[in-house]
Amino acid sequence: YPNQLTPTDAGEKFYGFAVNIAGTVKDLRDEFCGGKVTGRVRIGATDVLGCFLPEVIKEYKLRYAYTSVETKVLGMPALNDALLNNDIDFALIEGPIDDLNGKLTAEPFRYDELILAVPNDIDVPKGSAMTLEDVAGYPLVLREPGSIDRVFTDSVFMAHGLDPRPVFESYSFHALLQAVKTGLGLCLLPKDLIRNSVESGNVSIRAISNASFRRSNSIVVHR
């Protein structure tokens with residue numbers, strides 16, 4: 001790092017994202033003007049990773065000031081179409097990709113995890129783990145059907161022979177957190193997104209002893 005700076009944990013994460021992006025977009029290295037990289041990079045991202053992109057783009061622009069960056073934060077089906085139609089150069093996606101045509105290539109670059117957010121007054125002692133069967137017995141607050149988080153969540157429940165029936169569904173992470181905060185139910189949400197809510201005491205978290213919601217995040221390109 002320049003000037004002997006020591007990055008924070010968040011800075012380290014953003015720096016890693018930017019390095020991965022820079023390494024993926026190889027065509028930017030093919031055009032040089034006076035020793036400077038020029039050109040355009042078109043990025044797609046799912047909503048969770050899209051929350052981090054502004055800092056990533058800032059880091060990238062510091063390195064490649066003569067490039068332009070265009071960004072689209074979309075759902076997985078729209079990102080698939082954008083990749084297949086060459087409307088974007090690559091996409092940052094959390095979880096497995098939907099590649100029915102076999103025309104996409106995914107390269108994992110980090111891992112994240114969905115964690116169980118619960119109301120502060122839940123009748124499970126702090127520090128105690130729950131089983132997935134326990135979780136399924138409570139009212140659930142989940143992402144909307146078809147979203148990449150919901151598809152992943154449903155797949156884990158199904159692998160344990162469970163069929164979750166949510167009492168509240170939303171595309172909005174803010175709405176989901178509010179639902180948990182007010183006691184409507186339990187919700188599985190990306191750890192990176194709910195850290196502030198946990199630290200501020202708005203919601204609590206509980207471990208799940210017999211199931212993992214860890215998943216890879218990938219850079220996806222058209223073959």
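## Ser218 and its surroundings

Ser218 touches Ala91, Leu92, Ile93, Ala106, Glu107, Pro108 and Phe109, leaving out residues up to four places away in sequence; contact means heavy atoms within 4.5 Å. Ser218 belongs to strand S11, residues 214–222. Helices (H or I, at least four residues) and strands (E, at least two) are DSSP runs numbered from the N terminus. With a relative accessible area of 4%, Ser218 is buried. Buried means under 20% relative accessible area, exposed over 50%, and partly exposed in between (1.4 Å probe, protein chains only).

## Basis of the model

This is a predicted model, in which local features need pLDDT of at least 70, side-chain atom pairs count only at pLDDT 80 or more, and totals for chains, interfaces and linings use all residues. Residues are numbered from 1 along each chain as its sequence is written, and side-chain values use heavy atoms, with hydrogens and water left out.

## Two helix residues

Asp192 is placed in helix H8, residues 191–199. Asp192 counts as buried because its relative accessibility is 18%. Its side chain makes a polar contact with the side chain of Arg195 at 3.5 Å.

Lys61 lies in helix H3, residues 53–63, and counts as partly exposed at 29% relative accessibility. Beyond its neighbours within four places in sequence, Lys61 is in contact with Thr67, Ser68 and Val69.

## Cysteines

Zero disulfides are found in a search of the whole structure; a disulfide is taken as a pair of cysteine sulfur atoms within 2.5 Å. Cys187 is buried at 1% relative accessibility, whereas Cys51 is partly exposed at 48%.

Conventions. Polar contact = N/O pair within 3.5 Å; in protein donor to acceptor, adjacent residues only side chain to side chain.
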